[in-house]
Amino acid sequence: MELDNLFSLAGRSAIVTGGSRGIGRMIAEGFVRSGVRTYITARKAEACDRTAKELSELGHCVSIPADVSSIAGITDFVAAFREHESSLDILVNNAGAAWAEPFDEFPESGWDKVMDLNVKTPFFLTQALKSDLVAASGTHLAKVINIASIDGISLNPLETYSYHASKAGLIQLTRRMGVRLIEEGIAVSAIAPGAFASNMNKEARDHADKIVGHIPAKRIGATEDMAGAAIFLASRAGDYVVGSTITVDGGVTHAR
C-alpha cells in the first residue's frame, strides 16, 4: 500500500461545472491546490474569469464560460475544453439551479429549468466527455462526481418541488451510471452537501448563526469539508466507491 499516493491528484485534469462560486469553487480550489489542471465553467463569463484568475494564483485554473443546460451548449463547451486537453481525469457535475414557489402556482418554467440543469446536464455532459474520460483511465480510474443534495434524501420546509425531485433523481442516476461506466474505467459517485454558504443556499451564507442549532456538528460546512470529500472520491482512495452518494452535512440528515 502506497499511502503517500493514496490521495494524490498531482498532474491530473479536471472540469468543475458551476465552478465560479459556492460548492463548485470550493471543489475547484481543492483540486488546484492538489496540483490538478482545473477547468471551471459557468454561464456568467465575468464571474468565471474572475474566479479562475484568483485560483490561478494557487496553481493551474482555466475559465471556459459556457451554458451547459442545453445539448448545444454542452457541445460548444466540450470543443473548447479539447483545445486544452486530450483527455480528462475528473468531471465534477456541480452546476445546478433551484426554484421555490407554492404548489398551486409552481410554473412549468421552474420545473424545466431545474430538471434540465440538475439531471439532464450531468448525463449528457458525461456522455459527451466519455471518450476523454476513457482516454485518461489507463493507469488509474477516471472519475465522475455528481453534486446532489441532502434534499434528494430528506425534505426541507421549502416548496422546492423540482429541486427535491431533481436531486433524488441525480442520486439514482449516479447509481445507474456508476454500474455501467465502471466497465470502461470510469468510477461515478456523488456528494450530497448539507449547509454550505453559497448564492443558492443564502440561509447558510447570511444566517449561519440561526441554522447551526439544527446541525449536530454546530457549524455550517467549510471549504475544507467539501474539497476533502471531492479529493477523496477523485483520488485512488475513492476507487471502490461506485454509484454511491456520500452525505456531507454535519449530521443533519440523521437528525431529521
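Student: Where is the place of Asp249 in the chain?
Tutor: Glad you start there. This is a predicted model, in which local features need pLDDT of at least 70, side-chain atom pairs count only at pLDDT 80 or more, and totals for chains, interfaces and linings use all residues. Residues are numbered from 1 along each chain as its sequence is written, and side-chain values use heavy atoms, with hydrogens and water left out. Helices (H or I, at least four residues) and strands (E, at least two) are DSSP runs numbered from the N terminus, and Asp249 sits in the loop between strand E7 (245-248) and helix H10 (252-255).

Student: Is Asp249 buried or exposed?
Tutor: Buried means under 20% relative accessible area, exposed over 50%, and partly exposed in between (1.4 Å probe, protein chains only). Asp249 has a relative accessible area of 10%, so Asp249 is buried.

Student: Leaving aside neighbours within four places in sequence, which residues is Asp249 in contact with?
Tutor: Contact here means heavy atoms within 4.5 Å. With neighbours within four places in sequence set aside, the partners of Asp249 are Ile150, Gly194 and Ile215.

Student: Why does Ser149 count as buried?
Tutor: Ser149 is found in the loop between strand E5 (142-147) and helix H6 (161-181). Beyond its neighbours within four places in sequence, Ser149 is in contact with Tyr163, Lys167, Ile171, Ile191, Ala192 and Pro193. Ser149 counts as buried because its relative accessibility is 5%.

Student: How far apart in space are Ala79 and Ala128?
Tutor: Ala79 lies in helix H3 (residues 71-81), and at 45% relative accessibility Ala79 counts as partly exposed. Ala79 and Ala128 are 49 residues apart in sequence, and their C-alpha to C-alpha distance is 10.0 Å.

Student: How many helices and strands does the protein chain have?
Tutor: Of its 256 residues, 50% count as buried. The count for the protein chain is 10 helices and 7 strands.
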